[in-house]
Amino acid sequence: MGVLKVRGFSLTRSFVVPLVALLVAVGCATGSSSDKGSVSVLAAWGGSEQDSFMAMVKPFTDRTGIKINYTGTRDTSVLTTRIQAGNPPDLAGLPGPGQMYDLAKQGKLISLDGVLDSSQMASDYAPDWIKLGQYNGKTVGIFIKTSLKGLVWYVPKNFQAKAYPLPKTWDDLLALQDTIKNGGTAPWCIGLASSGADGWPGTDWVKDIVLTQAGPSVYDKWAAGTQKWTSAEIKTAFQTWGTNFVNKSGYVYGGAAAMKSTDFADSATPMFATPPKCYMHHQASFMSGIFVEKNPALKPTTDFSFFPMPPVTSANDGGHVVAGDLFGMFKDTAQARALMKYLVTAEAQTIWVKRGGALSANKKVDLASYPDDLSRQMAAVLVGAKIARFDAGDLMPPAMQSAFWKAVLDYVSNPGQLDSILTNLDKIQVDAYK
Amino acid sequence: MDIFQLLTLAGVVVLVPTALAVYIIGLEYVVRLLPDATQPRVRPWIWVTPALVFVALFLVYPTLGTIQISLLDRAGNFVGLANYATVFNDSGVIIAIRNNFLYWLVLYTVFVLVFGVLLAVLADRVRYETLLKSLIFMPMAISFVALGVIWKFMYSYQPADAPQTGTMNALVTTLFHAQPVTWLQDRAIDNPALIATAVWGFTGFAMVILSAALKGIPGDLLEAARVDGAGELTIFRRVILPLLMPTITVVGTTLVIFALKAFDIVYVMTGGNYDTDVLANRMYLELTKFSQPGRAGAVATILLLAVIPVLIFNLRQLRAVESRR
Amino acid sequence: MTVASERMAVQAGKAAQSTPEWLAGRLGGLALHVALISITVAWVVPTAGLFVSSFRDLNSITTTGWWTALAPPFKFTLDNYQHVLERNNLGTSFVNSFMIAIPATIIPATLAAFAAYAFTWMKFWGRDWLFLALVGLLVVPLQATFIPLLKLFTSLGLTGTFPAVWLAHTGYGLPFAIYLLSNFFRALPSDLFESAEIDGAGTLTVFFRIVLPLSVPAIASLVIFQFLWVWNDLLVALIYLGGSPDVSPLTVTVANLVNSLGQGYQWLTAAAFLSMIVPLVVFFSLQRYFVRGILAGSVKG
């Protein structure tokens with residue numbers, strides 16, 4: 001009994017340690033294991049997107065026996081926390097190239113050069129898309145799906161009823177919206193709210209304007225942080241947006257109040273009302289999927305369609321902002337490599353394309369795979385764009401992008417404050433790109 | 001649920017309390033072998049150590065790390081209070097401080113406490129008490145995600161010419177014949193709107209704890225007071241309230257601390273936009289989105305410092321209770 | 001305050017019967033019921049709104065208020081519930097939530113009971129400072145703890161296992177648990193302990209035979225709160241357990257009803273209610289411990 005005379009603490013340890021061991025053994029047993037291995041994937045997709053991704057990887061699992069353990073969360077902190085703690089997933093969705101550069105700089109992303117077949121990549125993807133996934137010449141990211149921004153959605157029946165022409169140039173657009181306003185309806189439906197990321201739909205407007213007004217080189221500098229927000233070009237872009245659209249009384253249904261408080265996806269609903277409360281909605285290609293989800297009775301092309309946002313200056317005609325869902329590899333395992341190789345193939349990309357709501361940058365994806373003519377049109381624009389630039393917000397560091405979103409909200413609330421808003425953005429720019 | 005999982009669950013549920021009880025009982029017999037004078041010095045440590053070990057590992061160790069990181073820059077070099085300087089110069093943080101201390105600390109705490117006491121005391125006197133308490137408690141059972149959905153609907157805005165979809169704006173337009181309001185985007189009222197959501201969510205918490213404390217007041221004490229002819233208000237003020245005061249301190253302290261670290265409701269409903277930001281959200285953004293662990297640590301340390309006055313108050317209460325024994 | 005001093009205080013107060021007194025006297029009666037019922041009805045309205053919305057299709061939810069559904073034409077649908085129930089991981093995640101919540105409630109409750117007893121009825125060096133430090137730790141934001149702890153768990157190989165979340169929730173929940181229980185233990189009359197001591201009862205007897213039975217309402221409250229905090233937790237599970245289908249709790253499955261753009265919240269309305277059932281059942285079943293009179297007759301004489 002002499003051993004019991006030791007201090008209580010050690011006895012605690014002799015209780016706790018076997019207890020923990022038991023718990024760990026139990027815990028490990030409740031985990032899953034398979035002979036072929038598994039790949040852990042972390043991304044923001046939920047709902048139908050999650051279903052589409054699982055459908056995309058199903059042939060891979062069927063063929064190789066490798067299980068996919070998918071974790072979905074819209075909270076970006078989960079990925080960064082796990083990376084910092086040394087417990088990253090094998091593969092993860094990255095919010096954008098900006099974040100990708102950050103992670104690559106920290107050395108957290110595994111180079112995909114040895115993983116992907118470079119000749120196949122070269123034949124499947126335009127060089128711009130491959131470059132977007134590279135850091136310092138090394139490929140670190142691939143695009144699972146892509147989207148086209150800067151489209152204007154409208155209801156063909158509404159336009160036909162009033163014999164409104166589809167605008168081809170900027171002046172056409174301004175003339176059209178004046179006509180609509182004089183006809184007694186607000187031309188635009190805009191919604192800036194989006195859970196956790198309020199403001200991003202407004203930034204899409206600004207990006208379009210910067211690209212087609214100031215041009216691609218200014219756009220590139222702006223995204224890279226070498227163009228000041230207070231510079232004439234960027235300030236003019238904001239003002240163009242403000243004076244022509246959002247700050248013009250009666251040009252947006254519900255005005256600033258509705259813009260700030262309405263979720264972007266819900267904001268287009270008044271366009272389908274009888275009589276319509278607005279005629280146009282500026283949004284990306286994935287909006288078509290949202291229209292159908294909200295009202296399954298709607299049919300693409302007949303019930304809703306799009307025209308590309310006209311360029312501000314004709315010199316920058318053909319300029320389009322594109323975006324995409326980026327994937328990176330954090331752990332080098334045979335299974336992870338195999339999955340990465342699979343995900344870039346036309347076969348894999350076609351699966352999601354067929355289910356709708358996604359465009360693929362892979363040139364080998366048959367246009368016939370797209371579920372409707374509308375998506376085919378969008379895919380054609382994506383692949384054939386003369387001046388394609390990736391979403392500037394996603395290229396910026398997260399701190400800059402967040403500030404951009406907030407700036408848009410502030411601008412809509414207080415257009416007179418533009419100078420101080422831009423000065424604040426400059427301050428953040430200095431800090432964020434370090 | 002497969003049988004293996006069921007067994008595991010049963011095992012843990014039975015094993016852990018048993019193991020802990022065995023630990024306490026076993027060590028008690030060991031302590032009894034010690035000289036009488038040392039027993040009361042050793043015994044308490046047996047009782048508190050398991051809890052302290054957990055707390056030390058899960059809360060103290062990371063907190064010390066956080067404080068340490070707040071003194072470093074991104075590369076890991078010591079920079080003293082530079083992060084604090086940056087944080088205090090950030091207008092976003094200043095707004096967050098204002099929100100935490102002005103709106104959350106005051107409005108949220110007071111309203112939850114007042115409603116909690118009121119409902120606990122009043123519910124105690126009716127026969128349908130359980131039903132009532134369950135209904136008031138129900139918001140606590142809802143996850144923050146669902147809470148966000150409920151109140152985003154409540155505060156929903158439609159332009160004046162369209163039918164309102166939000167309950168609050170429906171009331172405003174029909175009962176008060178006023179223009180609908182953007183409850184969460186109007187800087188003048190969005191903070192109180194968020195507080196209202198939080199009060200709705202947390203009054204059940206205060207009520208349940210205060211109700212449990214209320215049950216501890218002997219019934220014959222209240223009866224005797226009534227027999228003596230005292231009115232209800234007197235009974236409340238002279239009998240109930242003083243006896244509830246320690247629990248009110250505990251609930252109040254917890255609420256104050258929740259107010260300081262308020263996060264979920266703001267995150268889910270406004271993301272901190274339109275001047276609704278709070279310190280915990282800024283810490284979260286700096287840490288996870290902007291990759292600035294030093295600044296995040298500075299904000300977290302500010303929270304830790306802000307809680308000190310609350311602790312001093314608690315210490316006073318503790319000493320007062322001790323002296324009365 | 002002892003019973004005697006209470007009676008004196010009441011006598012003193014009775015001497016001044018003023019208008020508020022008369023009003024308050026009237027308060028026991030119709031006015032009380034009216035006040036309580038109207039407060040409760042107002043309280044229930046937001047939840048009721050969600051409940052009604054969960055039976056409506058998305059288009060209706062976004063274009064008209066939920067109260068309009070209560071008048072003809074009655075356009076109700078079970079689609080939202082169907083969609084949630086058909087979610088292929090719902091059953092597993094439901095079970096996982098229990099696997100996580102039950103131990104994560106019992107372990108801290110037990111540890112807190114022991115610690116709270118020591119903090120309130122034993123004197124030891126540094127007791128008050130330790131106690132205050134515990135209360136102070138309530139303010140620590142959880143996100144600040146994730147990275148160091150996840151590092152630790154990963155090096156121990158615990159990440160992705162249930163014990164990791166059990167331990168984490170225990171650590172996170174202990175300060176509040178100890179604080180709450182201490183308050184109730186402290187409220188026990190000291191005469192109780194004195195008479196027990198006279199009867200020769202040791203620490204263990206006092207704790208297991210006197211303190212615990214008398215503290216049932218307090219322990220019941222703690223169990224309710226800890227259970228529902230763990231049941232509704234999303235982030236701690238995501239960080240320590242990961243979100244893979246075989247271990248993720250209900251909260252993860254529910255959160256993933258919505259896609260990355262925030263669409264699909266109509267399904268959240270249904271999921272919220274399905275998820276709410278369990279904590280409410282726990283609450284109801286523990287209500288019977290919230291009864292008065294346990295202390296009555298324990299010290300008299």
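Me: In which helix is the place of Ile24(B)?

Reply: Ile24(B) has its place in helix H1 (residues 3-32) of chain B, where helices are DSSP runs of H or I with at least four residues, strands are runs of E with at least two, and both are numbered from the N terminus. This is a predicted model, in which local features need pLDDT of at least 70 and side-chain atom pairs count only at pLDDT 80 or more, while totals for chains, interfaces and linings use all residues. Residues are numbered from 1 along each chain as its sequence is written, chains are lettered from A and ligands numbered from 1 in the order in which they are written, and side-chain values use heavy atoms, with hydrogens and water left out.

Me: Why does Ile24(B) count as buried?

Reply: Buried means under 20% relative accessible area, exposed over 50% and partly exposed in between (1.4 Å probe, protein chains only); Ile24(B) has 0% relative accessibility and therefore counts as buried.

Me: What does Ile24(B) touch, not counting residues up to four places away in sequence?

Reply: With contact taken as heavy atoms within 4.5 Å, Ile24(B) touches Ile46(B), Trp47(B), Phe114(C) and Leu204(C).

Me: What makes the span of H8(C) close to the expected one?

Reply: The expected span is 1.5 Å times one less than the number of residues; helix H8 (residues 143-156) of chain C has 14 residues and reaches 20 Å from its first C-alpha to its last, close to the 20 Å expected.

Me: Which residue of chain C takes a positive phi just after H8(C)?

Reply: Gly157(C) does, with a phi of about 75°.
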